[in-house]
Amino acid sequence: RIVLADPCGSSLFNKVKHNVCYASQQAESCIKKHRYDSIVEGVGLDRVTANFAKGLIDDAHCISDQEIVNTAHWLLRNEGLFVGSSS
């Protein structure tokens, strides 16, 4: 099973869950210079890339920045993997 774990506000989360690449933060009345309040690089990309379109993703989960940081620290401590937030 392949699951997308993306920050809240991710349009890719909505693409997997509802087959629509749109997040409420994209509404014209809400657009700001930085729509997404996340430390994760790449958040804010509001299109489906070719490699993502080819993926077979079963589900998606919205995760917080703190969960992302905690997981990266866990991977370093327990698996010896030094990864960034988008990993």
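These notebook entries record what I looked up in this predicted model.

**Conventions**

I worked from a predicted model, in which local features need pLDDT of at least 70, side-chain atom pairs count only at pLDDT 80 or more, and totals for chains, interfaces and linings use all residues. I numbered residues from 1 along each chain as its sequence is written, and side-chain values use heavy atoms, with hydrogens and water left out.

**Entry 1: overall layout**

I began with the secondary structure, taking helices (H or I, at least four residues) and strands (E, at least two) as DSSP runs numbered from the N terminus. The protein chain has 3 helices and 2 strands, and the order from the N terminus is β-α-α-β-α.

I then looked up burial, where buried means under 20% relative accessible area, exposed over 50%, and partly exposed in between (1.4 Å probe, protein chains only). Of the 87 residues in the protein chain, 23% are buried. The accessible surface (Shrake-Rupley method, 1.4 Å probe; for residues, only the protein chains shown count as cover) comes to about 6300 Å², and carbon and sulfur atoms account for 53% of that surface.

For contacts I used heavy atoms within 4.5 Å. Counting contacts between residues at least 6 apart in sequence, I found that 63% join residues at least 24 apart.

**Entry 2: salt bridges**

I next searched for salt bridges, defined as a side-chain nitrogen of Lys or Arg within 4 Å of a carboxyl oxygen of Asp or Glu. The structure holds 2 of them, and R1, K17 and D59 are linked in a network.

R1 pairs with D59, with the closest N and O atoms 3.3 Å apart. R1 lies in the segment before strand 1 (3-7) and D59 in strand 2 (residues 59-63), so this pair ties together parts that are 58 residues apart in sequence. D59 also pairs with K17, where the closest N and O atoms are 2.9 Å apart. Because D59 lies in strand 2 and K17 in helix 1, this second pair ties together parts 42 residues apart in sequence.

R1 is exposed at 74% relative accessibility, K17 is partly exposed at 39%, and D59 is buried at 15%.

I asked which residues of helix 1 are buried. In helix 1, S11, L12, F13 and N14 are buried, and their cover includes strand 1, helix 2 and strand 2.

The largest one has 5 residues, namely L4, L12, F13, F52 and A60. Leaving out residues up to four places away in sequence, A60 touches V3, L4, F13, V16 and K17.

I turned to the loop between helix 1 (11-18) and helix 2 (50-54), where N19 lies. Most residues other than glycine have a negative phi. N19 is not a glycine, yet its phi is positive, at about 60°. N19 is exposed, with a relative accessible area of 56%.

V20 is found in this loop between helix 1 and helix 2 as well. V20 is partly exposed, at 45% relative accessibility.

**Entry 3: helix 3**

I last checked the length of helix 3 (residues 65-79), which has 15 residues. From its first C-alpha to its last, helix 3 reaches 20 Å, close to the 21 Å expected at 1.5 Å a residue; the expected span is 1.5 Å times one less than the number of residues. Just after helix 3, G80 has a positive phi of about 75°.

Note on methods: Core = buried A, V, L, I, M, F, W, Y, C linked by side-chain atoms within 4.5 Å.
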